[in-house]
Amino acid sequence: MKIKILLPFCFAIACNAQNKNIPTDNPLTTNLDKLVQREASVYMEDPARVGISIGIFKDGKSYFYNYGTTELGKLKLPTSKSVYEIASITKTFTGTLLAHALIDRKIKLNDDIRKYLNGNYTNLEFDKQPIAIAHLTNHSSGLPQFLPDQSETFKKPMDSVAFALSKFYKNYSKKKFYEDLHEAKVAFKPGTDYKYSNVGTQIAGDILEKVYHKSYEKLLSEYITKPLKMNHTIISIDSVKLMTCYNEKGKVMPRNVTTIMAPTGGILSTTEDLVKYMQYHLSQNDKYVALSHTPVVKTEGDQTGLFWRIHTYEDGTKTIYHTGGTFGFSGVLQIYPSENMGVVILSNESDGESQGKLQDIVESILKNSSKIN
């Protein structure tokens with residue numbers, strides 16, 4: 001996990017002077033305000049950037065900051081209620097729901113996934129080792145990233161890839177997904193290697209639907225968004241509140257066009273709601289939270305819980321996080337249990353560096369938080 005070199009706190013003054021034209025609602029009153037301003041200003045200096053929303057939960061209080069615009073050519077500052085695609089941050093919601101299913105004894109981590117699939121999938125094993133639910137949660141199933149294989153699509157110019165995939169998946173059904181799953185090849189013996197797989201997360205979500213006899217959307221509402229009063233967190237492809245999104249060239253990118261793969265990246269949300277979500281995931285006495293953060297396999301270095309990524313710093317403290325990105329949205333959500341703190345940043349622009357740089361901002365805020373009164 002990349003940790004950026006922290007700049008001295010006094011650098012905020014110079015940064016502020018150079019970035020007066022970046023629209024923001026940051027009051028620049030407290031040390032936290034100034035720390036956020038320093039980091040956000042550097043990020044927003046890149047002409048590719050459009051808008052970002054930042055939510056922080058610290059010591060029982062919530063803070064919100066917004067920069068840029070919701071749409072190029074307009075002076076419309078995002079707010080804590082601005083709706084973004086959160087992409088793969090969605091996977092942590094699926095992990096949280098899996099924790100419910102495990103505690104409710106609906107599933108077991110060592111269950112062969114074929115127990116929950118209709119039909120005969122002799123291909124979903126390697127050297128007689130079947131794929132278990134645990135392998136889905138830590139991306140060690142060996143399943144491909146997409147179904148069907150999209151390697152040829154990704155050879156096209158990047159400007160066109162998003163539109164090609166959008167066109168393909170617009171009419172892609174769950175029935176077709178499971179037909180394609182019969183043709184999927186497992187790349188290695190499950191549990192022995194790492195291969196990021198949206199396919200695996202989709203199957204995990206479908207298993208949840210099967211054991212609870214409820215849709216993923218209903219489960220999301222019943223167990224997470226309704227109890228936490230996350231009123232703007234939804235699964236939708238036509239939300240009128242969803243921001244316009246862009247690539248690094250300022251080209252408008254297509255929004256998500258299907259809800260059938262909601263468990264892997266289909267949630268829309270706001271920083272206001274995600275701060276509530278982070279606060280919940282800082283409740284270590286909650287059995288569902290604790291289980292979702294527990295590494296499926298204990299290994300040295302970075303680990304994975306139920307889709308949550310876990311990083312241990314040199315001093316022994318931990319951070320629990322996930323990033324997310326589509327062709328037009330980028331984001332990172334990260335909690336720091338020992339500091340009772342979390343940071344989420346969402347952007348309506350995406351490129352090859354945006355997720356990493358957003359995570360740099362989060363790391364700096366978290367690492368400098370101990371200096372803030």
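Tutor: In this predicted model, the axes of helix H2 (residues 31–44) and helix H12 (residues 354–368) come within 10 Å and cross at roughly 165°. Helices here are DSSP runs of H or I with at least four residues, strands are E runs of at least two, and both are numbered from the N terminus. An axis is a line fitted to C-alpha atoms over the stretch in contact, with angles between N-to-C directions running from 0 to 180 degrees. That makes H2 and H12 roughly antiparallel to each other (over 145 degrees; under 35 is roughly parallel, 65 to 115 roughly perpendicular, and the rest oblique).

On the H2 side, the residues in contact (heavy atoms within 4.5 Å) are Leu35, Val36, Arg38, Glu39 and Tyr43. They meet Ser354, Lys357, Leu358, Ile361, Ser364, Ile365 and Asn368 of H12. Sorted by class, this contact has six nonpolar, three polar and three charged residues. Asp, Glu, Lys and Arg count as charged, Ala, Val, Leu, Ile, Met, Phe, Trp, Tyr, Cys and Pro as nonpolar, and the others, Gly among them, as polar.

A quick word on ground rules: residues are numbered from 1 along each chain as its sequence is written, and side-chain values use heavy atoms, leaving out hydrogens and water. Local features need pLDDT of at least 70 and side-chain atom pairs 80 or more, while totals for chains, interfaces and linings use all residues.

H3 (residues 90–103) and H7 have axes that come within 10 Å, crossing at roughly 40°, so the two helices are oblique to each other. The crossing of H3 and H7 is left-handed. From H3, Lys91, Thr94, Leu97, Leu98, His100 and Ala101 reach Asn198, Thr201, Ala204, Gly205, Leu208 and Tyr212 in H7. Of the residues in that contact, six are nonpolar, five polar and one charged.

H10 (residues 271–281) also packs on H3 at an angle of about 40°, but here the axes lie 13 Å apart. Again the pair is oblique, and again the crossing is left-handed. Thr92, Phe93 and Thr96 are the H3 residues that touch H10, where their partners are Leu274, Tyr277, Tyr280 and His281. This contact of H3 with H10 has four nonpolar and three polar residues, and no charged ones.

Ala87 isn't a glycine, yet its phi is positive, about 50°. Most residues other than glycine have a negative phi, and most peptide bonds are trans. A cis peptide bond turns up from Leu147 to Pro148, with omega near -10°. You'll find Pro148 in the loop between helix H4 (133–137) and H5.

Key
Left-handed = near helix turned anticlockwise from the far one by under 90°.
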